[in-house]
Amino acid sequence: MQMSDEALVDEIHSGSKLAFELLMKRYERLVYRIAFNHAQNPASAMDITQNVFLKAHQKLGSYSGSGLFKAWLLRIAYNESISWFRQQKNDQLTEILTEANAPASNAVPADEIVTQENKTLLLAELKKLSAKQRLAVSLRYFEDCSLREIAAVLESSEGTVKSILFRSLEKLRNTTTFQQRHDYAQL
């Protein structure tokens with residue numbers, strides 16, 4: 001049986017290093033996704049992720065236990081990502097698109113090329129959304145977070161989150177490139 005987040009936090013307060021490692025493993029992918037939404041670069045996203053867990057460990061005493069630990073951690077991830085983004089002056093989308101479109105030395109099957117083109121297109125279109133919209137879409141549709149969890153991360157009401165998601169999906173649906181390449185009526 002898997003221990004709850006709150007039980008692991010209690011174990012950490014009692015001095016367990018293993019409990020913190022378990023929490024890190026439980027949430028590292030999700031924290032990385034939030035970091036990547038802002039950094040748009042795997043190495044930078046890893047740096048942000050490490051900083052998030054370092055800060056979470058340092059600030060664990062400030063976690064009151066009144067809310068979900070997951071939401072508390074994701075809020076740290078969001079704030080750390082925003083801080084990193086503000087410090088950066090370069091637009092890293094160009095770098096990612098260049099890497100994604102770099103010619104491969106080996107022949108690639110056509111279906112893999114289409115899949116890569118779709119990923120590149122989706123990344124480019126998501127980049128056009130605001131950071132808050134990008135995060136909300138990512139948490140909801142790629143990480144399967146509940147509206148309540150997203151609301152806690154964004155420090156908004158669930159109604160506001162619904163509105164952000166609706167506007168974000170409308171923006172994606174109305175994108176000319178997407179309309180030409182896909183039927184996104186099912187988003």
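Glu80 has 11% relative accessibility, so it counts as buried (under 20% relative accessible area is buried, over 50% exposed, in between partly exposed, using a 1.4 Å probe and protein chains only). This is a predicted model: local features need pLDDT of at least 70 and side-chain atom pairs pLDDT 80 or more, while totals for chains, interfaces and linings use all residues. Residues are numbered from 1 along each chain as its sequence is written, and side-chain values use heavy atoms, without hydrogens or water.

Which residue meets Glu80 in a salt bridge? The partner is Lys55, at 2.7 Å from N to O (the cut-off is a side-chain nitrogen of Lys or Arg within 4 Å of a carboxyl oxygen of Asp or Glu). Lys55 sits in helix H3 (residues 42–59) and Glu80 in helix H4, so the bridge ties together parts 25 residues apart in sequence (helices, H or I with at least four residues, and strands, E with at least two, are DSSP runs numbered from the N terminus). Lys55 has 31% relative accessibility, so this residue counts as partly exposed.

How many salt bridges does the structure hold? There are five. One of them joins Lys70 and Glu149, whose closest N and O atoms are 3.3 Å apart. This pair links distant parts of the chain. Lys70 belongs to helix H4, Glu149 to helix H8 (residues 147–154), and 79 residues separate them. Lys70 is buried, with a relative accessible area of 16%. Glu149 is buried too, at 15%.

Arg173 is partly exposed, with a relative accessible area of 22%. Glu170 is partly exposed as well, at 28% relative accessibility.

## An aromatic cluster

A search of the whole structure finds five aromatic pairs (ring centres of Phe, Tyr and Trp, its six-membered ring, within 6.5 Å; planes under 30 degrees apart are stacked, over 60 edge-to-face, the rest tilted). Tyr27 and Phe69 have ring centres 6.2 Å apart and planes at 50 degrees, so the pair is tilted. Tyr27 comes from helix H2 (residues 17–39) and Phe69 from helix H4 (residues 69–87).

Tyr63 and Trp72 form a tilted pair, with 5.3 Å from centre to centre and 50 degrees between the planes. Tyr63 and Trp72 are both buried. Which residues form one aromatic cluster? Tyr27, Tyr63, Phe69 and Trp72 do.

## Two crossing helices

Helix H7 (residues 131–142) packs with helix H9 (residues 158–173) at an angle of about 95 degrees, and their axes are 9 Å apart (axes are lines fitted to C-alpha atoms, for helices over the stretch in contact, with angles from 0 to 180 degrees between N-to-C directions). H7 and H9 are therefore roughly perpendicular to each other (65 to 115 degrees; under 35 is roughly parallel, over 145 roughly antiparallel, the rest oblique).

On the H7 side, the contact is made by Lys132, Gln133, Ala136, Val137, Arg140 and Tyr141 (contact means heavy atoms within 4.5 Å). H9 brings Ile164, Leu165, Arg167, Ser168, Leu169 and Lys171. By class, the contact of H7 with H9 has six nonpolar, two polar and four charged residues (Ala, Val, Leu, Ile, Met, Phe, Trp, Tyr, Cys and Pro are nonpolar, Asp, Glu, Lys and Arg charged, and the others, Gly among them, polar).
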